Amino acid sequence: MQQEISITDDQIKIAEEVLLKGLRFDLQRVSFIKDLSTHDLHAVPGSGKTTALLAKLLSLEQHLPLVGNSGILVISHTNAAVDEIKEKIGHLCPRLFSYPNFIGTIQGFVDMFLAVPYYKILYKKSPIRIDDDIYNENHFPDFKLRSFLNRRSDSHKILFDYRIRGFDDLKLGLSDEGFPFKNSTDTFQKVLKIKKDLRESGFLCFDDAYILAEEYLNKFPGITSIIKKRFSFVFVDEMQDMDKHQYDLLETLFANSDEVCFQRIGDKNQAIFNPESLMNNIWVERNVKEINGSHRLHNNTALVVQRLALNPISVQGLRVNADGSSIEIKPVLFVYETNNISKVVPAFAEEIKRLIDIGKIPKSDKNIYKAISWTTSRSGDKPEMIKLNSYHSSFSKILTKPKISYNSVEDYLFLYDVNDRTMASIRKSILNAIIKVLRLEKIENPFNSRSFTKSSLIDFIKREHNAYYENYKFRIYQICRLIIQQQTNNAKRELVSFIHLILQLFNKTVTSKSTLFLSSSGKPTNSKIGKESIEISNWYRDDNVSIELATVHGVKGQTHTCTLYMESFYQKNVEKKGQYESTRIAEQLCGIPLDVNAHDFVKQSLKMTYVGFSRPTHLLGFAIEKSRYESSFLGKPNVNLWDVKFVV
């Protein structure tokens with residue numbers, strides 16, 4: 001049976017002092033914090049649902065250790081979300097962040113408790129790495145097959161998404177009927193061999209971990225009972241971002257159990273990472289609670305956002321000025337013509353400056369301004385397809401998502417998180433470059449015969465070369481400083497020199513295995529674009545206003561001072577609602593309920609705009625082409641939620 005615990009008003013007051021700095025949780029949040037039964041929490045954008053979860057965790061910390069030495073499991077979707085939890089309450093909850101509790105990503109949970117244990121059973125060793133980038137780096141000794149698949153638009157699906165199962169079975173079945181090659185073909189057998197060889201050698205992609213996890217539970221169903229005994233309380237944040245196989249796995253482990261309090265927290269209306277609006281079918285609700293108040297949105301914006309909710313929910317705008325007065329800023333429709341589309345972002349900048357000048361937006365160096373769009377240009381697009389690049393031609397999507405593995409050392413000098421105002425992301429990128437060379441040179445950690453990670457490399461230097469450790473830290477700092485100062489050539493020379501010194505710690509030198517990676521004459525990459533060019537590519541700057549260009553997916557979860565949502569072409573014309581979200585959602589923006597049989601593209605458009613429109617604390621803008629504005633409901637005179645500005 002589930003352990004009987006109650007959270008008291010005094011415990012909530014302590015959490016309020018820690019998290020809210022003098023403010024108080026309202027009745028909806030208090031109800032959620034106190035409720036330790038299995039239920040779902042649907043929370044509107046900017047509601048502070050994670051803060052409410054942190055309050056619950058702070059309160060539960062005071063009840064640790066739990067009876068039977070069971071633990072608390074907290075799962076989120078990204079490392080950033082996990083880091084936020086640790087940063088805010090880690091120093092106050094030492095027991096929560098130690099055995100038998102686990103706070104991490106869904107991937108980390110699956111790796112630790114299911115995939116890695118089962119891999120050890122199968123192969124009598126630990127996997128070397130579970131990561132898509134590293135997996136991709138190690139595949140394809142067959143050059144002809146690589147060239148063939150690189151020419152296919154579905155090459156990534158073939159290697160990562162299609163699940164080839166049953167490696168211990170000669171029949172070798174497929175779980176995806178859409179796999180483009182039959183089992184009997186040479187191509188299928190070659191892809192299968194690559195996957196088998198990589199798995200056996202210890203390199204797994206993320207999806208492999210879920211395949212192993214499912215095989216583990218099928219062969220050893222008793223593991224489910226063991227995990228339920230391990231965790232009495234399970235909290236899953238950002239539930240709407242879970243893929244179906246992740247959702248199904250969590251349901252298998254924790255649903256319908258008297259032993260576990262299983263709470264799923266999120267907002268189905270923000271499920272933009274699941275294709276074709278499938279979250280409506282994936283997440284089956286139970287015992288739903290709601291948090292309706294948004295501390296991010298003021299009332300005028302909340303009224304607009306509420307109308308876009310695919311799953312109807314009341315959105316209450318709680319944002320006010322510092323003096324407690326209402327924020328009186330209407331959302332703005334920026335109506336443009338195709339021949340002046342490049343003036344849309346400058347018009348948005350001018351409106352921001354106007355509102356600052358009249359005191360409706362506070363002037364602050366911390367203000368964040370972004371212009372976002374759903375889709376970006378791809379090769380083969382027709383000129384008339386309006387996408388993010390149509391508004392800002394130099395936008396480069398590849399520069400917005402740092403990876404841990406690139407083909408050239410130069411990439412690591414430029415393709416880091418440029419929004420991070422500390423050296424942390426640069427330092428991480430430099431360490432990833434060093435780790436890449438160690439992998440290329442087949443240099444392993446002598447203590448476990450596995451590839452180095454950033455942390456294990458630092459531990460190795462501290463332990464085996466302690467006298468060098470201070471010099472190591474100084475060299476890293478020096479390279480970071482050169483990158484910040486945009487002395488990129490000097491930074492590269494220092495990094496390459498530093499890598500040579502690191503190899504000497506292992507009595508190794510650079511060989512042909514990594515020469516191309518370190519050489520500036522290697523295969524051209526996006527690293528030829530320096531940090532200063534990145535900022536020019538993805539930013540619009542005018543006087544004191546700097547606006548970052550980004551995709552809707554890229555800003556999910558963020559809070560901005562001002563957000564401009566720019567309509568973009570997406571898929572074909574469905575139900576005579578056009579090829580742009582501006583016309584597909586126009587009726588809903590005017591208060592007309594969505595038809596229950598609406599097309600998936602219409603539903604996706606609602607979700608995308610719901611996410612995009614719910615970012616700003618002050619000004620929301622929406623860019624729409626003049627003919628679409630005039631022909632849609634937005635052009636009718638009864639639309640009083642918006643101000644209209646014609647771009648000239």
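I began with Cys480, which is buried at 2% relative accessibility (buried is under 20% relative accessible area, exposed over 50%, partly exposed in between, with a 1.4 Å probe and protein chains only). Cys205 is buried as well, at 1%. I then looked for disulfides (pairs of cysteine sulfur atoms within 2.5 Å) and found zero in the structure.

A note on the ground rules: this is a predicted model, where local features need pLDDT of at least 70 and side-chain atom pairs count only at pLDDT 80 or more, while totals for chains, interfaces and linings use all residues. Residues are numbered from 1 along each chain as its sequence is written, and side-chain values use heavy atoms, with hydrogens and water left out.

**Cores**

Next I asked which residues have the most contacts inside the largest nonpolar core. They are Leu589, Phe613 and Trp642, in a core of 39 residues (a nonpolar core is a set of buried Ala, Val, Leu, Ile, Met, Phe, Trp, Tyr and Cys residues joined through side-chain atoms within 4.5 Å). Among the elements that each supply at least two residues of this core are α14 (299-307), β11 (332-336) and β18 (616-625); helices (H or I, at least four residues) and strands (E, at least two) are DSSP runs, numbered from the N terminus. The largest share, seven residues, comes from α27.

I also noted a second, separate core of 37 residues, which includes Leu457, Ile483, Leu505 and Phe517.

**Trp642 and Pro331**

I listed the contacts of Trp642 (heavy atoms within 4.5 Å), leaving aside neighbours within four places in sequence; they include Val304, Pro331, Leu589, Phe613 and Phe622.

Pro331 sits in the loop between β10 (316-317) and β11, and is buried with a relative accessible area of 1%. Not counting residues up to four places away in sequence, Pro331 touches Asn300, Val304, Leu620, Leu641, Trp642 and Asp643.

**Helix α9**

I found Thr187, Phe188, Val191, Leu192, Ile194, Lys195, Leu198 and Arg199 buried in α9. They cover an arc of only 155° around the axis, so they lie on the same side of α9 (the arc is that of the directions from the helix axis to the C-beta atoms). Asp186 and Lys193 are exposed on the other side. Gly202 follows α9, with a positive phi near 105°.
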